[in-house]
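Welcome, and thanks for taking a look at this chain. Please keep the sequence and the 3D view open while you read the briefing below.

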Amino acid sequence: MAATSVKKERKLPAVALDLLRLALQEDSFPRFWKEVVEQGLLKKQFWPASYLCFRLLGAALPLLSKEQLQLVMQGDLIRHYGEHMVTAKLPSQFKFAPEMNEYVGAFLKGCQDDPERQLALVVGFTSVTNQGLPVVPTFWRVTQFLSLPALKGYVAWLRDMFLQPNLDSLVDFSTNNQKKAQDALFHGPERAVFRLRKWLIFRLVSIVDNLHAEKEETLIEEVARFCFFHSFFETKKPMSQIPETEQHFSHPLDSRTREVVGSAFFSLLQTLSTQFRQAPWQTQDGQPWTYHLVRFADLLLSHSRNVVPLVAFTTQQRQAWDRTLKTLKELEAQSSEAKATAFQHLLLLVGIHLFKSPTESCDLLGDIQTCIKKSLGEKPRRTRSKATNPQEPPWVEVLLEILLALLAQPSHLMRQVARSVFSHICSHLTPRALQLILDVLNPEESQNEDDNVVVTDASERQLLGDVEDESSDDGEDKGNENSESDEEESNDEESDEEERDGDVDQGFREQLQAVLQAGKALGGADGEDDDELGDEAMMALDKSLASLFAEQKLRIQARRDEKNKLQKEKALRRGFQIRVLDLIEVLVTKQPENPLVLEVLEPLLHVIRRSMRTSSTKQEQDLLHKTARIFMHHLCRSRHYCRNVGDRVETLYAQLERLVQQAGRQADSSVCLYYFNASLYLLRVLKGNTVGKSTCKAQKKEKAATDAGTQPQGPEAASCLDLGLVTPIYSSALSSFLTKRSSPLTAPMFLSLFSRHPMLCKNLLPIVVEHVASHTRPRHQAQACLLLQKTLPTRELRLCFKDPEWEQLLDQILAKVTETLRTLGEAETKSGRQKELSSLELLNVLFRNIHHEKLTMDLTAVLGVLQSQQPRLQQGLQQGAHSAGSSRLYDLYWQAMKFLGVQRPKSEKKDAKEVPKATPSPISMKRKKKGFLPETKKRKKRKSEDATQEAAAKPAAAGGDQPPSTGKRKRKIKRKGPAPSQAQGLPASKSPTPEPPATSPSSPAKTPKPQKKNRKLSQVSRATPVSPESPKEPAAKKRQKNLPQKGVSGKSPQSALPRRKARLSLASRSPSLLQSGVKKKGQLRKAKKL
């Protein structure tokens, strides 16, 4: 009942805990646990009851003694808990392990002063096994709460259980499925011992991962020595100096177990190397852990009578080991240098790998030692080495080959070491050494790596001995394209073969037909009865058919095996390329100013382009993402770049032209963006480098032939960037973008180019202006307008033009836009409407620029074109065709008219707002909106209506005799537009529908717009300039003086003050402008009262 009541709450009932405490008080806990828990609740086979028992066990842990803990950890309950942990694997099943971990962690924290109880508990949980395999994971995190004595005892128990497995002391079980499929040969004690030892060795390694205190150094060294000794050595005769030789096995270690121990050792080595890098003071003498292991290995090799390695060393390998120790001592004397520390780490790791693969590591050790000596003593020995053997490759190339060979191993530790060493030698990199790295990334070379890739099951290696002879520089682009097409065709053929595996090919059909004809199953020419075959003929026919189908099955399986092998080799190559990208990342990060970085651009682009096409697997996507991240973030967006190109200027121009051309040939805009960014990076390099003497002489004739206007001014005049060479490259790309139907180039690419290089933008603007009104597609005209709209407001571009040149440019653009606007409102396609919108937006940008710089230009032609298109736009808006685009177009139109002094009529705004109210929806008439008050319940504003009627009945009084009115009357008067007579200071009666004064086509072009400041459109429309104002005069007097100068008086009957100005100055029906202050004060008082 108690278990069922707390099923949903997942907690222990209070009555169960009370019974447990009562049993402990009366010293009857063993009887209570056996009879009530294990033979009572546990026998019901009811999962809520089992969970109650588990919770009771967790709650009882802090209350039990050591003997009681050993009792509960050997009973049926803990075995049932182990079965639950093994069987509860599905995501939908409830798992009690996290809750039990909380109980165990709380117990270990609470009894830090009692290591015996801690040890009894963790040993008890570790002893619960499923056919020899413990149910708790090897990374069981609760062991971090063990005290140091309990931790040492637990490590000793794990070590002793590994040496002498005691299966009888374990609480072992088998699940129901395992019992049904019981096999004596498969489930023997040898299998249980192997499973147990495999878990124990990885449990020891995972314990070291959680150790951080300095006092545990002896424990770490003990585990590392234990793993290393039993991985590569065996004992011949015990000796007291080496405790590992006194350890005996009850079950001998087989080769499979030693491989597992070796794998665990290198995992431990990775952990120790990481801890050394983060805390180099972890050992007392300040040496890395690998150095202690190398000294321990030398100790074992020196006692050959007692200890022998599993793979005996040859004389050459032993000499390589001795030379390694000597080199380590020399590096120890120079440990203050970072380069020496990196070389020491590399030498230690390769020296330890000598016990795993002696033949390969022996050659690597000799080459590494030679390279270390040359690199550390490079300056005094450079001339001597070149004089003695000029054909000898530089030490950087040799060491780089070694690093590539280490990267071919599937070891994360070797990957980190290679990256660390390369960061110290990348400053000495040569073009040939860089080519070794690029050959790995080159798609052409990756197709011919059958001799260099060896596919194995355990350690996949890629031997790079012949990489130097396979590199070719001629026809790189064509070779890459051909290789990519061949690769895609081979992938398609492989997929087709996979689909046809179930079908029958033509050769098999012919063979089958021949067999059937031989057995007379198809019928001959004599027309005999073929259905009555004899038994012997039928048996012979069946035998022939069986052999034929067996051969076909073997052929299909061979085809599948070949395809799997190719896929595995391809996966190895991709993984190798991902690891080699670490070296490229180090180069562009540590040496961004190295001229060799410029050679990395195109190989990275080739990898990106190829991966974009074939990024079907996760490995291909990882390669693509990493390459793109290195290219964009570490190369193109880096603050530092090459500032000493030397004599590579002509090569950079050729590379720049090649990149821009390849960008325009791409089928995908995303790939094109990478090529275009690479060209921008080269422009940045050329601009940041100064012209040398030799370069000046070479480019003297070219610069003399170019126009003076195309030459850069200021800082760009001394740079290597020659606009005469760069402008044709980008002009062809810009023309292609504005003419081709489908171009991968986009407007943001050219906007980025224009913002970074305004002088180049100045040379390219004529092409853009030409395509604004050219006979091209409307989409291209819209793109040209967009480029001008985003580029003209920039300050950097304005500084590149002189005032006459700038006015001439704006005049040309204005003429082109005016020509385009002659067809305003006639577009029926989406691209046509976009062209109209872009044209009006560009026109507004031109007007803002003209007003900002106070330029004098003739705008009458633009005004005439716009006014002629007004009826068409208004008709399109009323018809509702393309309502969203039409409304936007109409708004842009009136923005342009506003710059020309023509205000948008209010009647149009009012009609546009009242259109939806005049035609209510039939649904709203039938149904009443929820949350709104009915019309009968609304309060009527009688006072405001009465005041409005009285105001309409009385004629308007003179301005000087009319008393100030109330706020409501002011608001009512404000809604109505003033008459022309009021603008001239004369009294006038109210007009119900006053005509808009700004609709005259002749008046606005001559009358400037009197708003905010007195300089708007005075120069644009060539009107009489406004006289300067005195700063001591008040604002009202200034406005009164300005009115007759701007044609507001009766001299021009068609011109009138704009409505906004009229509302501000004639708010109280009086020509006096001083009433505006009274009105503002009245509104403020009313707001305070409310």
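Strand 1 (residues 128-130) and strand 2 run antiparallel to each other and are paired over two bridges; two strands count as paired if DSSP finds at least two bridges between them. Helices (H or I, at least four residues) and strands (E, at least two) are DSSP runs, numbered from the N terminus. This is a predicted model, in which local features need pLDDT of at least 70 and side-chain atom pairs count only at pLDDT 80 or more, while totals for chains, interfaces and linings use all residues. Residues are numbered from 1 along each chain as its sequence is written, and side-chain values use heavy atoms, with hydrogens and water left out.

- Strands of a sheet pair through backbone hydrogen bonds, either parallel or antiparallel.
- Here, three strands form an open sheet in the order 2-1-3, and the pairing is mixed.
- Strand 2 (133-134) and strand 3 (171-173) are the edge strands, each with a single partner strand, so one side of each has no neighbour in the sheet.
- Leucine 133 in strand 2 is the residue that asparagine 130 stands opposite.
- Glutamine 131 sits in the loop between strand 1 and strand 2, and its phi is near 55°, a positive value in a residue other than glycine.
- With 8% relative accessibility, glutamine 131 counts as buried (buried means under 20% relative accessible area, exposed over 50%, and partly exposed in between, with a 1.4 Å probe and protein chains only).

**Arginine 79**

- Look for arginine 79 in helix 6 (residues 76-87); its relative accessibility of 27% makes it partly exposed.
- Apart from neighbours within four places in sequence, arginine 79 is in contact with Val171, Asp172 and Phe173, where contact means heavy atoms within 4.5 Å.
- Arginine 79 and phenylalanine 173 are 94 residues apart along the chain, yet their C-alpha atoms are separated by 7.0 Å.

**A pair of packed helices**

- Two packed helices are described by the angle between their axes and the distance between the axes.
- Helix 9 (residues 148-163) packs with helix 12 (residues 217-232) at an angle of about 10°, and their axes are 11 Å apart.
- The axes are lines fitted to C-alpha atoms, for helices over the stretch in contact, and angles run from 0 to 180 degrees between N-to-C directions.
- Helix 9 and helix 12 are therefore roughly parallel (angles under 35 degrees count as roughly parallel, over 145 as roughly antiparallel, 65 to 115 as roughly perpendicular and the rest as oblique).
- Helix 9 contributes Leu151, Lys152, Val155, Arg159, Phe162 and Leu163 to the contact, and helix 12 contributes Leu219, Glu222, Val223, Phe226 and His230.
- By class, the contact has seven nonpolar, one polar and three charged residues; Ala, Val, Leu, Ile, Met, Phe, Trp, Tyr, Cys and Pro count as nonpolar, Asp, Glu, Lys and Arg as charged, and the others, Gly among them, as polar.

**Threonine 820**

- Threonine 820 belongs to helix 37 (residues 803-820) and counts as buried at 9% relative accessibility.
- The side chain of threonine 820 reaches the backbone oxygen of lysine 816 at 2.9 Å and the backbone oxygen of valine 772 at 3.5 Å.
- Such a polar contact is a pair of N or O atoms within 3.5 Å; within protein, one must be able to donate a hydrogen and the other to accept it, and residues adjacent in sequence count only if both atoms are side-chain atoms.
- Setting aside neighbours within four places in sequence, threonine 820 is in contact with Val772, Ala773, Gln781, Lys835 and Ser839.

- Lysine 854 is placed in the loop between helix 38 (830-853) and helix 39 (860-879), and has a positive phi of about 55° although it is not a glycine.
- At 46% relative accessibility, lysine 854 is partly exposed.
- Serine 544 lies in helix 25 (residues 535-590) and is partly exposed at 31% relative accessibility.

**The whole chain**

- The chain has 49 helices and seven strands.
- Of its 1090 residues, 44% count as buried.
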